[in-house]
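Hi everyone, thanks for coming. Today I'd like to walk you through one structure, going from its core to its aromatic rings.

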Amino acid sequence: VQLQAFGGGLVQAGGSLRLSCAAFGRTFSRSEMGWFRQASGKEREFVAAISWIGDVTVYADSVKGRFTISRDYAGNTMYLQMTSLKPEDTAVYYCAAAGGSSWASQVRTRENEYDYWGQGTLVTVSS
């Protein structure tokens with residue numbers, strides 16, 4: 001079972017990027033999923049999360065109004081659309097998925113609530 005995050009890169013402040021997270025080896029269509037990030041020298045932090053059906057989303061205050069999380073059930077893929085990027089958004093971005101199957105519309109915001117992690121994709125925002 002593998003999650004693969006991609007789409008990172010170098011962008012100027014104010015620009016946009018779209019990250020994708022694809023699952024291989026199993027389906028996560030009934031699992032909560034989320035994005036975290038880790039800046040150099042800092043601990044990994046929560047960015048955004050989405051319920052299994054996509055009806056509930058939650059964002060860190062630092063990205064609210066600028067980032068949008070979504071998921072594609074047909075393709076078993078999750079996305080993070082990032083706009084109005086700031087230098088402080090520079091980090092390695094990780095996608096994560098919870099194990100098991102969910103029936104409730106809920107989101108998970110803590111690292112220990114996730115069982116599967118992608119390898120991370122680097123986003124660098126220049127000023």
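One term before we start: when I say two residues are in contact, I mean that they have heavy atoms within 4.5 Å. Please also keep in mind that this is a predicted model.

With that in hand, have a look at M82. Setting aside neighbours within four places in sequence, M82 is in contact with G15, S16, L17, L19, R66, F67, Y93 and V123. M82 also belongs to the largest nonpolar core, which has 33 residues. Along with W35, L80 and Y93, M82 is listed there among the residues with the most contacts inside that core. Which strands supply at least two residues each of this core? They are β1 (2–6), β3 (17–24), β4 (33–38), β5 (45–50), β7 (67–72), β8 (77–82), β9 (91–97) and β11 (121–126).

Let's move to strand β5, where we find A49. Is A49 buried or exposed? Its relative accessibility is 0%, so A49 counts as buried. Leaving out neighbours within four places in sequence again, A49 touches M33, G34, V56, T57, V58, I69, V107, R108 and Y114.

Now for the rings. How many aromatic pairs does the structure hold? There are five. Take F28 and Y116: the ring centres are 5.2 Å apart and the planes stand at 65°, so this pair is edge-to-face. F28 sits in the loop between β3 and β4, while Y116 is in strand β10 (residues 116–117), so the pair ties together parts that are 88 residues apart in sequence. F28 counts as buried because its relative accessibility is 0%, whereas Y116, at 26%, counts as partly exposed.

Y114 and W117 give us another edge-to-face pair, with 6.1 Å from centre to centre and 70° between the planes. Here Y114 is buried, with a relative accessible area of 5%, and W117 is partly exposed, at 26%. These two rings also join F36 and F46 in a cluster linked by ring pairs.

Finally, two arginines. The charged end of R44 sits over the ring of W117, 4.0 Å from its centre. R30, for its part, lies over the face of W103, at 3.6 Å from the ring centre.

That's my tour, and I'm happy to take questions!

Terms used. Residues numbered from 1 in each chain as written. Predicted model: local features only at pLDDT ≥ 70, side-chain atom pairs only at ≥ 80, totals over all residues. Heavy atoms only, no water. Core = buried A, V, L, I, M, F, W, Y, C linked by side-chain atoms within 4.5 Å. Buried < 20%, exposed > 50% of the residue type's maximum accessible area, 1.4 Å probe, protein only. Helix = DSSP H or I, 4+ residues; strand = E, 2+ residues; numbered from the N terminus. Phe/Tyr/Trp six-rings, centres within 6.5 Å; stacked < 30°, edge-to-face > 60°. Lys NZ or Arg CZ within 6 Å of the ring centre and 35° of its normal.
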